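I opened the model today to look things up one at a time. These are my notes, in the order in which I went.

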Amino acid sequence: MSLFLEVVPVARAVETVRSIVPAIGDEMVPIGDALHRVLAEDVRAGGDLPGFDRSVVDGYAVRASDTTGSSESMPAMLVLEGRIEMGQAPAGSVGPDRCWYIPTGGVMPPGADAVAMVEYAERAGDEVLVHRAVAPGENVLGCDEDFAAGSVVLPSGRRLSPQDLGVLAAAGVAEVPVRRVPKIGIISTGNEVVPVEAALAPGRVRDANSYLCAGFVREQGCEPRRYGIVRDSPELLRQVLEGAVASCDCVLISGGSSKDVRDMSAGVIGDLGEVLVHGIAIAPGKPTIIGRVGTTPVIGLPGHPGSAFIVLVAVVRHLLAAMSGAPVSPCRVRARLAANIPSAKGREDYVRVHLEDGAATPVFGKSGLLNTLVQSDGIVVVPAGCEGFETGEEVEVVLW
């Protein structure tokens, strides 16, 4: 295998990961277990919702024509027939110059086509004086005004929120078809990498990447599975990778992707399957690997957490989104640069920035520093054909 990277543009890398998305499959789950799951199909209303005409205010169910011209000085005078109780069908209908008291949510009686609010009505014994005219349909929610029978309540690809679950329950949907949660294997490599709880000795670093990757994977709606730390041994990596591929839908390997004799990840991936990309024109994150073993995508990430996180955001996010069935929709804001951002042509630069009062301040630091990850709020992407941005320019910030 060549020890030199053949870099591809970020767009090509994204196109590549999208081309190797494996089939994940669907399952039915109760709506009580469906929070943050992604719908596999459109959910349609089985009947009209709310299913009956109802009042949206406390007031009097009336015929709108009986209130025409009513005002404070000349109110419409209507006979009060009775009271509509919540959860019950009306005991009668509304005839000419008649009305029924109706609470918010009450069923509209036959003959009524509007509700006069209590604030603009006055009861006087068995009569009600209406001081403001109402139009047909005023203060009334129609039987199919929320959702008509057969209409789409929630579309395929939607990640279900708490409010979505409430709507599904109101529509009588007890179970929903959702995408199966993709299982993502995470392998850390390196003789220098030690467990989080270990005391550090010179030359050693704690295993930050497995937790960084696991958190990112979970945030994207997938299930992380950590396979621990593998020393710099192709044989050991091969053994662990084979096990991860057998039980996961995708595998992330951190470390071992640089262009030197320790570049074991590409070698092992190539032996078990194929390497599609080894090197992306991105900074940081250039020595990234995109491959697959059988139908399982395998991504080799840089060992440094800052570089690994940029690759997760710029490339891996698209793979996980396609696997989970949810669209990629990062939050973006516009801001003005508080300092210059230089860049080299031929690569995309992902520069971390701190946002404050509408200004984006680049967070620069020496290679290897971790504090820039927590001191930044997002990134500014400098396109490959651009030599950077100047102070005062308006830029788009992709928030973490």
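**Entry 1: helices α4 and α5.** I began with a crossing: α4 passes α5 in a right-handed way. A crossing is called right-handed if the near helix is turned clockwise from the far one by less than a right angle, and left-handed if anticlockwise. The contact is made by P234, L237, R238, L241 and E242 of α4 and by M264, S265, V268, I269, D271 and L272 of α5. Contact here means heavy atoms within 4.5 Å. I noted the ranges, residues 234-247 for α4 and residues 264-272 for α5. Their axes are 10 Å apart and the packing angle is about 55°. Axes are lines fitted to C-alpha atoms, for helices over the stretch in contact, and angles run from 0 to 180 degrees between N-to-C directions. The two helices are therefore oblique to each other. Angles under 35 degrees count as roughly parallel, over 145 as roughly antiparallel, 65 to 115 as roughly perpendicular, and the rest as oblique.

**Entry 2: ground rules.** I wrote down that this is a predicted model, in which local features need pLDDT of at least 70, side-chain atom pairs count only at pLDDT 80 or more, and totals for chains, interfaces and linings use all residues. Residues are numbered from 1 along each chain as its sequence is written, and side-chain values use heavy atoms, with hydrogens and water left out. Helices (H or I, at least four residues) and strands (E, at least two) are DSSP runs, numbered from the N terminus.

**Entry 3: what is buried in α5.** Which residues of α5 are buried? I found M264, S265, A266, V268 and I269. Buried means under 20% relative accessible area, exposed over 50%, and partly exposed in between (1.4 Å probe, protein chains only). The cover over these residues includes α4 and the strands β13 (183-189), β17 (250-254), β18 (274-278), β20 (289-293) and β21 (296-301).

**Entry 4: two partners of α6.** Helix α6 covers residues 305-324, and its axis comes within 11 Å of that of helix α3 (residues 208-219), crossing at roughly 30°. That makes α3 roughly parallel to α6. I listed the contact residues: A208, N209, L212, C213, F216 and V217 of α3, with P305, A308, F309, L312, V313, R317 and L320 of α6. The crossing of α3 and α6 is right-handed.

I then turned to helix α1 (residues 10-19), whose axis comes within 8 Å of that of α6 at roughly 20°. α1 and α6 are therefore roughly parallel to each other, and their crossing is right-handed. Here V10, A13, V14, V17 and R18 in α1 meet A314, V315, H318 and L319 in α6.

**Entry 5: a sheet of six strands.** In what order do the six strands of the open sheet stand? I read β7-β4-β6-β5-β9-β8, with mixed pairing. β7 (114-117) and β8 (121-124) are at the edges with a single partner strand each, so one side of each lacks a neighbour in the sheet. Direction ignored, neighbouring strands of this sheet are turned by 40° against each other on average. Two strands pair if DSSP finds at least two bridges between them. β8 pairs with β9 (residues 127-130) in the antiparallel sense over four bridges, and A121 stands opposite V130 in β9.

**Entry 6: strand β25.** Strand β25 (residues 359-362) has A360 and P362 on its covered face, and A359 and T361 on its uncovered one. β22 (residues 332-337) pairs with β25 in the parallel sense over two bridges, and R336 has A359 as its bridge partner. β24 (residues 348-356) pairs with β25 in the antiparallel sense over four bridges, and H354 has T361 as its bridge partner. β24 and β25 form a hairpin with two residues between them, and D357 in the turn has a positive phi of about 55°.

**Entry 7: two single residues.** I looked up D164, found in helix α2 (residues 162-170). D164 counts as buried, because its relative accessibility is 4%. Leaving aside neighbours within four places in sequence, D164 is in contact with L154, R158 and R159.

G105 lies in the loop between β6 (98-102) and β7. Not counting residues up to four places away in sequence, G105 touches F52, R54, S55 and M86. The C-alpha atoms of G105 and F52 are separated by 10.0 Å, and the two residues are 53 apart along the chain.
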